[in-house]
Amino acid sequence: MTANHKSMRQARRLRIAAAVVLLLGIFGAELVYWLRTRSVASPDPLPVAGEDKGATRQAEMMMGQQAVFMDEWGRGLQRPGTQAVMILVTASLVAGGCFYFARLLDQAGPASGETRSSQR
């Protein structure tokens with residue numbers, strides 16, 4: 001088996017893995033969003049705008065503005081839409097990396113095969 005054939009097989013496997021990761025990411029994000037928005041038993045941990053002004057002011061006085069920011073950021077990450085987007089972005093980045101390395105293998109494959117045959 002030549003090196004060119006091996007690199008083509010590896011590139012094909014990377015493309016298949018990228019497609020699987022992308023599909024799993026889409027279905028996973030959809031499932032997380034659907035389950036979290038349809039759940040009746042789970043109470044909404046996010047307050048309505050202006051509902052917790054006193055608690056926010058007290059936390060700001062005791063721990064500073066950064067603690068309030070981190071608390072708001074943590075609450076934002078608990079939202080189902082945000083979680084679904086994070087799953088999609090992560091799956092897209094992993095799949096993009098797989099596609100990128102598959103392309104590099106395709107470009108390196110014929111070039112390395114040509115240099116070997118020209119050296120003989």
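Q: What makes Phe27 part of helix α1?
A: Phe27 is found in helix α1. Helices here are DSSP runs of H or I with at least four residues, numbered from the N terminus. The model is predicted: local features need pLDDT of at least 70, side-chain atom pairs count only at pLDDT 80 or more, and totals for chains, interfaces and linings use all residues. Residues are numbered from 1 along each chain, and side-chain values use heavy atoms, without hydrogens and water.

Q: Why is Phe27 called exposed?
A: Its relative accessible area is 54%. Exposed means over 50%, buried under 20%, partly exposed in between (1.4 Å probe, protein chains only). Therefore Phe27, at 54%, counts as exposed.

Q: Why is Trp34 called partly exposed?
A: Trp34 has a relative accessible area of 46%.

Q: Which residues of α1 are buried?
A: Ser7, Ala11, Ala18, Gly25 and Ala29 are buried.

Q: How do you know that the span of α1 is close to the expected one?
A: The expected span is 1.5 Å times one less than the number of residues. α1 has 36 residues, and 52 Å is expected. From first C-alpha to last, α1 reaches 52 Å.

Q: What makes the nonpolar surface patch?
A: Leu22, Leu23, Ile26, Phe27, Leu88 and Phe99 make it, with about 530 Å². Patch residues have over 30% relative accessible area and no salt bridge, and nonpolar side chains are joined within 5 Å. A salt bridge is a Lys or Arg side-chain nitrogen within 4 Å of an Asp or Glu carboxyl oxygen. α1 gives the largest share, four residues.

How values were computed: Patch = residues over 30% accessible without salt bridge, like charges linked within 9 Å, V, L, I, M, F, W, Y side chains within 5 Å. Areas by Shrake-Rupley, 256 points an atom, 1.4 Å probe, with all protein chains shown as cover. Helix = DSSP H or I, 4+ residues; strand = E, 2+ residues; numbered from the N terminus.
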